[in-house]
Amino acid sequence: MNFGPMEYTVARIDGDYAYLQQEGSPQEELKCVARALLPPEIAEGSLLHYEMMEYTLKGK
């Protein structure tokens, strides 16, 4: 298990889930994450920082 730090881009939002693309690894499969675990202000294209099982909006 990787607890980070890692960077992701929100590739797609679909209802209660967001699909994240790992930065620097476009060949990797999108990671499906429940939106309840993500900052509420995310949108498609948002940059996220993941560390210690927590997602934060990058730049805040």
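What share of the 60 residues of the protein chain counts as buried? The figure is 30%, where buried means under 20% relative accessible area, exposed means over 50% and partly exposed is in between, with a 1.4 Å probe and protein chains only.

A word on ground rules. This is a predicted model, so local features need pLDDT of at least 70 and side-chain atom pairs count only at pLDDT 80 or more, while totals for chains, interfaces and linings use all residues. Residues are numbered from 1 along each chain as its sequence is written, and side-chain values use heavy atoms, with hydrogens and water left out.

**Overall build**

The protein chain has zero helices and five strands, so calling it β-β-β-β-β along the sequence sums up the pattern; helices (H or I, at least four residues) and strands (E, at least two) are DSSP runs, numbered from the N terminus. With a radius of gyration of 10 Å, close to the 10 Å that the globule rule gives for 60 residues, the protein chain is as compact as a globular protein of that length. That radius is taken over C-alpha atoms, and the rule is 2.2 Å times the number of residues to the power 0.38. Along the principal axes, the C-alpha atoms fill a box of roughly 25 × 25 × 20 Å.

**The core**

The largest nonpolar core has twelve residues: Met6, Tyr8, Val10, Ala18, Leu20, Val33, Leu38, Ile42, Leu48, Tyr50, Tyr55 and Leu57. Such a core is a set of buried Ala, Val, Leu, Ile, Met, Phe, Trp, Tyr and Cys residues joined through side-chain atoms within 4.5 Å. At least two residues of this core come from each of strand 1 (6–14), strand 2, strand 4 and strand 5, and strand 1 gives the most, with three. In soluble globular proteins, nonpolar side chains tend to be buried together.

Tyr8 belongs to that core. Leaving out residues up to four places away in sequence, Tyr8 touches Leu20, Gln21, Gln22, Glu23, Lys31, Ser46, Leu47, Leu48, Tyr50 and Tyr55, contact being heavy atoms within 4.5 Å.

Gln21 sits in strand 2 (residues 17–22) and counts as buried because its relative accessibility is 18%. Beyond its neighbours within four places in sequence, Gln21 is in contact with Glu7, Tyr8, Thr9, Ala11, Pro26, Glu28 and Leu30.

Now for some loop residues. Gly24 is in the loop between strand 2 and strand 3 (31–34), and its C-alpha atom is separated by 8.6 Å from that of Glu7, 17 residues apart along the chain. Met52 lies in the loop between strand 4 (47–51) and strand 5 (54–57), and Met53 lies in the loop between strand 4 and strand 5 too. Neither is a glycine, yet phi is positive: near 50 degrees for Met52 and about 60 degrees for Met53.

| Exposed residue | Relative accessible area |
|---|---|
| Gly24 | 71% |
| Met52 | 66% |
| Met53 | 60% |
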